[in-house]
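Let's sit down with this one together and learn to read it feature by feature. Ask away as we go.

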Number of protein chains: 2
Amino acid sequence: MTAVSDRNHRITFQRSPKGLPVAEDFGADTTPIPTPGPGQFLSRTVYLSLDPYYRNVMKNSQIYADRLNPGDVMVGETVAQIVESRHTDFRAGDYIAVRNGWQEYALSSGQGVRRLDPAVAPISAALGVLGMPGLTGYAGLVYLGEPKPGETVVVSAATGAVGTTAGQVARLVGARAVGIAGSDEKCEFAVRELGYAACVNYKKGDLAAQLKEACPTGVDVYFDNVGGDTLTAVLRNLARGARIVLCGMIEAYSLDTPPAGPFLGPVVGARATMRGLVVYDHMHRMDEMTRVIGGWIRSGQFRYREDVTDGLAQAPEAFCRLMRGGNFGKALVRVSAERS
Amino acid sequence: MTAVSDRNHRITFQRSPKGLPVAEDFGADTTPIPTPGPGQFLSRTVYLSLDPYYRNVMKNSQIYADRLNPGDVMVGETVAQIVESRHTDFRAGDYIAVRNGWQEYALSSGQGVRRLDPAVAPISAALGVLGMPGLTGYAGLVYLGEPKPGETVVVSAATGAVGTTAGQVARLVGARAVGIAGSDEKCEFAVRELGYAACVNYKKGDLAAQLKEACPTGVDVYFDNVGGDTLTAVLRNLARGARIVLCGMIEAYSLDTPPAGPFLGPVVGARATMRGLVVYDHMHRMDEMTRVIGGWIRSGQFRYREDVTDGLAQAPEAFCRLMRGGNFGKALVRVSAERS
C-alpha cells in the first residue's frame, strides 16, 4: 500500500515535445486534495493508462478537445476508486473508469464514467483490452476490416493493447492472424500466448519479404497501428480486395510536420479499401465489446499482457519509453494500491 | 482522305523511357498489309487513343498483360473500319472499337471487339467518353464514389476524358462538381461547357487554400486522376465520411521507383474511405454506361472535347505532349479518314 499524504500529487504539461518526448516536457506539483460538492465524488487513481495519442494532445493539435497550457495537469484515462461521494449513483469503494488525468485524486460529476465489476476481469483491463484500446481493436477489425474465416489478417504493434485485441478477435472469428512486432520476445509472445499463426520482427531485415513468406496468399485485412514504413511494406503484399484499417500513426505523432505517406499504387492494383478509424465513433459498441471479450477472457480463450510502472512520479519516463517502442504489453502506471 | 499505300505503317516500342517519354523511345517501320485467314478480318485504323497508362506499359510493369520487346508494335485502343472480312459476324465497312495498336492495319478474330453505331455518337467517342475512359469515370464515380445529391465532388484532370465523364456524371446525379485543372483555359471550359460549379487551376498558388474556398463544406467525394501533391491538397479538405476513388497516378508513371504518397492522418481524422479503381473490373457495365451517357450526349446535357493530332507519324510526339499535361481534351491521333 502506498503511503497516504494529504496532498494531491500531479504530473503537469510543461511544453510541446520536439520529436520524441523527454521527461523535461513534463512538470510536477502538489495541490490540496479537493472536496466533493453536491452531485460530485472524489476518487483516488489506481492505474493511469499511457497511450501514444497523448503525444498528439501535447502538440495541441486541433483534432482533440483537450487543450493544454503549461502547468495544466496532463490528461489521461484512469481506473480509480471512489473515496468520498455526494453523488446519488456512486458510493465510496466503487471502482470506476474515469479521466482523472495524471494525478492522484480528482473530482467528477459522473459524466462519462464507467462502473467496473472486479468479478468480470481485473480492473486494470478497463484501460486496455476492456477499455478504449480494446474497443479500438474490436470495432475497427470487425466493422471496418470485416475479416472472413480463412482470410489472412495482419496486425502491427501486435502485442500492444489494440493489437492484442485485433489479433485475437481475428483468430476467434476464424481468420489467420499474422503479427508484426519489434522484438523476437514480443513475436514469441504473440504466437505462444496470443495465438497468432505467425509474427514477424520488423527490426530483422526486409519486412516486405518476411510478410510475403508469412502471408503466401497475400494480406486480406491489415489493421494498421503504426503507419510509416510498416504500412508501405504491407501494401506490397495485398491480396485482391484487401481492407486496410488506418488506426494509429505513432511515427507521425512525434513530428511537427506530417511525414510523407506510402505510395498508393498498390492500393489501386489490389482494388483495396483503406478506411480511417476513430474510436469515438464506436462508443455505442462498448457494452457489446465488453460482453464478447469479457466472456473470452473468462473462458481462457483471450489473453493480454500489461507493462506496469510503479509510482506516478515515474509516469513521464514510462511514457517516453512507450513512445520509443520500449513497452511490452499495455502500458500502465500504478498510482496507488487497490484496496478492498 | 489519307493516301493509301500498300504497306502497313507502324509505330514501335524502342526502349523504356527514362522519366517523361521522348520521341526517341519509339521507332517506326512498315510491314506488308496482312491478309485475313478464315474467321478473321482486316481493319484499317481510323483513330488511335493516347492514354497515360501506355507509359506504364512501356515500363514493362507486371500489372499489364502486354509485354513489349524493342521493335514490337506499340499497344493501344483504336477505332477502326473493317476492310475485308472472313468472319461471319463482321462485314466490310463496319466500324469497331478494337485494340489495333499504333498501326494502320491489323487482323482480328473479333475477340474483345465492340461494334459501333455512328448514329449513336461520333465513332471517336468510343475511345473517350463512350469507351474505357468514360467507363472509368462513370463506374468509378457511381459505384466507388457513391455521390449523393448536394454533396461536393472534386475531380482532378477535370477536362480529360475520365474527368469529363466523372464531373458531368456528378452534376447529372445532383452533386456539386468542382474541377482541378492545369490552366485557366481548361478551368473556363470546365465551368462553361462541362457544367462544373467551380474549377481551380493547380498551377496558380496554394491548391489546398483554393480548394477550401471552392468547397466550403469540405470534399465529400474525390475522384483522383493524378495522385501526388494534388491528392495531398485534397486530403486537407475532406468532409467527414469522404470517399476517395484512386484512379490514376500520372506523376508516378514516369518514375522508375515509386514516389512517396500523401500523409494519411487526414484520412483517419475524416473517417474517410479510399478505394482503388481498376476499370477492367467494371467491363460488365459498358452497356449501361453507353446507354446512360449516350442518352445524355444526344439530349445535349453531356459534352466532351477531343484533342486530335493528324497522322500516325505524329503519335509519339502527341503522346509525349499528353504526358507533359499539354493536351486539352481526350487525346486522339487520326490515323486515316472515315469513309462512308
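Q: In which sense do strand 13 of chain A and strand 13 of chain B pair?
A: Here is the general idea: strands of a sheet pair through backbone hydrogen bonds, either parallel or antiparallel. In this predicted model, strand 13 of chain A and strand 13 of chain B (residues 273-276) pair in the antiparallel sense, over three bridges. Look for A:Arg275, whose bridge partner in strand 13 of chain B is B:Thr273.

Q: What joins strand 13 of chain A to strand 12 of chain A?
A: Four bridges do, and these two strands run parallel. A:Arg275 turns up again, as the bridge partner of A:Val245.

Q: In what order do the 12 strands of the open sheet come?
A: Follow 10(A)-9(A)-8(A)-11(A)-12(A)-13(A)-13(B)-12(B)-11(B)-8(B)-9(B)-10(B), with mixed pairing. The edges are strand 10 (198-201) of chain A and strand 10 (198-201) of chain B, each pairing on one side only. From one strand to the next, the twist averages 15°.

Q: Which strands of chain A does helix 6 lie across?
A: Helix 6 (residues 228-235) of chain A lies across strands 8, 9, 11 and 12 of chain A, at about 170° to strand 11.

Q: How many residues of each chain are in contact with the other?
A: 26 residues of chain A contact 26 residues of chain B. Helix 8 (265-269) and strand 13 of chain A each supply at least two residues of chain A's side. That side divides into 17 nonpolar, six polar and three charged residues.

Q: Why is B:Asp25 classed as partly exposed?
A: Being buried takes 20 or more other C-beta atoms within 10 Å, and B:Asp25 is partly exposed because it has 19.

Note on methods:
Residues numbered from 1 in each chain as written. Chains lettered and ligands numbered in written order. Predicted model: local features only at pLDDT ≥ 70, side-chain atom pairs only at ≥ 80, totals over all residues. Contact = placed C-beta atoms within 7 Å. Nonpolar A, V, L, I, M, F, W, Y, C, P; charged D, E, K, R; others polar. Pairing = 2+ DSSP bridges. Buried ≥ 20, exposed ≤ 12 C-beta atoms within 10 Å, placed from the backbone. Axes fitted to C-alpha atoms, helices over the stretch in contact; angles between N-to-C directions.
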